[in-house]
Amino acid sequence: MPEQLDAKDIGQRLVAPYRELTVAAVVLGIVQGIIINIAFAYVALKIGFGIGGSTVAAIMGYALLTGVMKRGTSVENNINQTIASGINVSGSGVVFTLPALFMLNAAWTAQGETGIQIDPLPLMIGGVAGAILGTVLIIPLRKQMVEMDRLRFPSGIAVTTIIRSGRAGVEKAKLLAIGVGISVLWKIVLIAGWLEFPGLVEEEILHFGFGVIPLYLAPMIGLSVLNAAAGMLTGKGGLPLLIGGVLAWWVIAPASVVSGWTPGEFPISAEEEAALQQHAHDQAIPMETLYQQRYQSQTKDFLYGRMLRPTGIGVLIGGALMGVIVCFPAIVIAFRSLAQAAKTAGSGSGKVEEMPLNIIIACTLVGVVLLFTAAALTEGVSVGQAAFTAVVGTVWLAVAGLIVSQAAGMTDISPISGMALISVTIMMFLLGGNVAGAMVLGVAVCVGIGQSADMMQDLKTGHMLGAKPIKQQIVQFAFPWIGAMTAIGLVFLLWQSGPGGQGGFGEGTSLPAPQGGALMGIISAVQSGNVPVDKYLMGGTIGILLGAAPVSGLGVLIGLSMYLPFYMSLGYGIGCLIHIFLRAVKGPMFCQHKLVPFAAGLIVGEALTGVGYAIYEILVSALQTIPA
Amino acid sequence: MKRERTGFAIYAIGIVLAIVGAAKLPAPDHQWPDSWPMFAGGALVAALGLMWWRSGVKAEAKQGQLGGRSAQELLSLLVQSRDMGQAIEAEFEELDSQTIRARIDALLDATLLPFVEDRQVLVETYGMRQGADIILKASAAERNFNRVWSAAADDHLPESRTSLQSALATMEELVAAIRPLMNT
């Protein structure tokens with residue numbers, strides 16, 4: 001509810017400038033960002049994916065700036081959440097990549113091979129370079145993504161709803177609270193495993209094949225409400241994600257199996273055979289049924305990992321690039337506006353709303369030099385290689401940042417792991433197989449693409465609140481390096497917490513680092529020359545054709561539908577269908593004023609539960625390490 | 001409408017064929033799958049369908065047959081938005097924070113949000129350059145109207161009024177720019 005002001009307070013507000021970029025907002029944003037970064041980095045090492053911190057930061061900002069300090073404003077809280085989420089996201093970029101370097105080093109050393117020299121300095125410089133480049137390279141696209149394409153950024157809408165709650169009327173606040181309540185309860189039920197039932201509900205996914213629909217048709221749907229809520233906020237515009245998923249899994253998958261494009265059988269090890277026999281004995285299931293289930297499951301994994309996902313990555317890249325080409329005149333207008341901002345800044349009129357073009361160019365050069373320094377400091381990388389990879393890395397970071405921002409803007413899903421995979425592949429190719437060098441640049445690119453998506457989401461929130469873009473751009477540029485540094489330090493610390501000062505995470509530990517494991521697999525594939533170049537190129541061509549369609553974002557959405565597991569696309573698509581149905585029955589204003597706060601509440605609830613769970617996990621682990 | 005639908009159908013068939021052709025794995029020691037002719041044929045069909053589809057959309061936009069509002073109706077919404085904003089400015093001294101927010105909500109719901117929903121019609125009718133120019137200016141005004149709302153909610157009426165004046169300046173500029181288009 002709005003605070004009660006006395007005559008003195010009102011008088012002060014009439015003369016004082018409107019609070020936006022303040023010391024309080026900056027300090028609160030940094031403190032929250034570091035805490036959330038550590039908690040979420042830990043969770044990402046444990047379960048393999050991160051959680052956006054914007055919603056949590058916005059709630060804390062509302063409570064502290066407005067509730068405790070009694071003078072906070074909406075746009076001031078927006079600055080707070082911009083800083084906090086920027087610091088948090090740059091940590092995610094590190095924990096998705098860096099652990100693979102430690103795990104590879106341990107694996108190679110154990111096999112008697114030469115290990116990898118892991119030097120923290122180039123990694124830290126690379127992290128800072130990524131944080132700077134990710135922000136400045138995406139700023140010129142604000143007008144295209146936020147104002148021209150009007151991307152939804154569901155989490156951005158959720159943050160706006162939180163910041164405005166209490167001011168936008170009791171009814172909206174109630175709907176937000178109901179959404180939060182439902183989501184929190186549902187997530188607790190899922191985390192507790194109360195719905196888990198082998199074969200029906202496993203790992204928060206409902207399997208609806210019932211032994212009749214083959215597993216390679218992926219008959220499953222995620223039970224997380226976050227996906228469905230993102231779809232509810234997007235509506236008709238997100239439907240291609242569902243259509244693409246249906247095309248991939250219910251048309252291409254069966255066609256491939258029937259045409260004999262998938263293997264007829266998959267080799268089975270003696271241990272797996274013994275485990276199957278034991279399972280058949282324990283559950284009284286015929287071995288034939290188990291063999292069939294195993295075949296269908298392996299076929300699904302083959303279809304996803306070898307055929308659909310790599311093609312989807314190509315479609316994503318082609319679609320995003322074509323989207324930029326189609327909107328080129330809008331981008332030219334945006335650049336003119338940035339150039340105009342440079343002139344206005346020089347005149348000292350104080351009406352600059354965007355970061356001027358000359359500053360963007362200068363910051364980009366600083367980022368490239370830092371990237372070059374990080375590469376050059378890595379063992380086995382020549383000065384020429386460092387210079388070339390710094391330039392190519394920057395160009396790729398801009399492209400990947402654009403792709404991830406568009407995907408996040410349309411669906412709230414960021415394909416960062418797929419872009420990390422391609423980043424490391426490109427860098428290994430350019431550096432002649434130097435894994436350490438590729439990982440330094442991979443960390444920089446991953447931090448950068450996360451920043452790009454986060455910057456654009458925060459600018460969307462800012463647009464809806466009426467914030468000055470330049471103030472958000474300054475803080476997003478100035479502080480996220482803290483997150484990269486913190487996360488790199490945390491990864492080193494956790495690794496050294498293992499027996500003998502190493503092995504603190506990885507397979508067989510309480511922190512399996514699944515993304516690091518996946519990246520290890522990719523590095524091995526690149527070293528053996530097994531990169532699906534055909535899929536990337538053909539997918540890219542299809543993406544270009546989709547991106548040129550007179551339907552905004554078609555290439556990115558169809559690419560994403562092939563890149564994501566079907567259970568995620570299906571959950572999101574159902575959310576879109578709910579929006580379309582309510583819009584047809586109740587009208588657009590119902591969706592705008594009732595569905596949006598409710599769906600935003602669902603997103604906030606899941607984020608809050610995620611934070612609670614992260615803190616719980618850290619406490620449990622800390623208690624386990626205390627000697628009895 | 002017929003050309004647009006036929007173009008879309010050809011495009012969709014081409015895309016499906018191209019994706020199926022691209023999905024197959026190459027044989028060992030081969031760089032490309034042997035289904036590449038299906039991929040290439042599908043891509044070609046999709047490209048032809050795309051050209052047909054786009055020309056159909058453009059023709060319908062010119063005839064004002066695209067779904068939703070026509071380009072003229074969208075431009076009228078911008079003028080209406082400017083007028084509603086001016087009315088708020090004229091009465092600003094007498095309005096309290098809650099009323100300002102209600103009036104801004106009403107302005108956005110009645111004019112700029114419907115405008116945004118059908119904005120693609122402007123691009124199809126006037127081309128990307130001119131269409132984008134109109135949309136981006138309207139969006140800049142919308143952000144300032146949002147700031148009017150936020151500042152009013154924060155009980156900072158001086159900022160609320162300054163932002164309203166900025167929004168109205170942008171709207172005046174926009175209305176002047178679209179005036180020649182409104183009588184064509």
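This is a predicted model: local features need pLDDT of at least 70, side-chain atom pairs count only at pLDDT 80 or more; totals for chains, interfaces and linings use all residues.
Tutor: Residues are numbered from 1 along each chain as its sequence is written, while chains are lettered from A and ligands numbered from 1 in the order in which they are written.

Student: What radius of gyration does chain B have?

Tutor: The radius of gyration is taken over C-alpha atoms, and the globule rule is 2.2 Å times the number of residues to the power 0.38. For 184 residues, a compact globule would come out near 16 Å. The C-alpha atoms of chain B fill a box of roughly 75 × 40 × 20 Å along the principal axes. The radius of gyration of chain B is 24 Å.

Student: And which radius of gyration does chain A have?

Tutor: The C-alpha atoms of chain A fill a box of roughly 80 × 65 × 65 Å along the principal axes. A compact globule of 628 residues would have a radius of gyration near 25 Å. Chain A agrees with that, at 24 Å.

Student: How many helices and strands are in chain B?

Tutor: Helices (H or I, at least four residues) and strands (E, at least two) are DSSP runs, numbered from the N terminus. Chain A has 25 helices and three strands. Chain B reads α-α-α-α-α-α from its N terminus. The count for chain B is six helices and zero strands.

Student: Which helix of chain B gives the most to the side that touches chain A?

Tutor: Two residues are in contact if their C-beta atoms, placed from the backbone, lie within 7 Å. The contact takes 44 residues from chain B and 42 from chain A. Helices 1, 2, 4, 5 and 6 of chain B each give two or more residues to the side that touches chain A. With 15 residues, the top giver in chain B is helix 5.

Student: How many nonpolar residues are on the side of chain B that touches chain A?

Tutor: Ala, Val, Leu, Ile, Met, Phe, Trp, Tyr, Cys and Pro count as nonpolar, Asp, Glu, Lys and Arg as charged, and the others, Gly among them, as polar. This side of chain B has seven polar and ten charged residues. Its nonpolar residues number 27.

Student: What share of the residues in chain A is buried?

Tutor: A residue is buried if 20 or more other C-beta atoms, placed from the backbone, lie within 10 Å of its own, exposed if 12 or fewer, and partly exposed in between. In chain B, 46% of the 184 residues count as buried. In chain A, with 628 residues, the share is 56%.

Student: Which residues of chain B are in contact with A:Ile542?

Tutor: Leave aside its neighbours within four places in sequence. A:Ile542 then touches A:Val315 and A:Gly318 in chain A. From chain B, its contacts are B:Ile15, B:Ala18, B:Ile19, B:Ala22 and B:Ala43.

Student: Which are the edge strands of chain A?

Tutor: Two strands pair if DSSP finds at least two bridges between them. The open sheet in chain A has the order 1-2-3, with antiparallel pairing. Three bridges join strand 2 to strand 3. Each edge strand pairs on one side only: these are strand 1 and strand 3.

Student: Is A:Ala218 buried or exposed?

Tutor: A:Ala218 lies in the loop between strand 2 and strand 3 of chain A. Its phi is near 50°, a positive value in a residue other than glycine. With 24 other C-beta atoms within 10 Å, A:Ala218 is buried.
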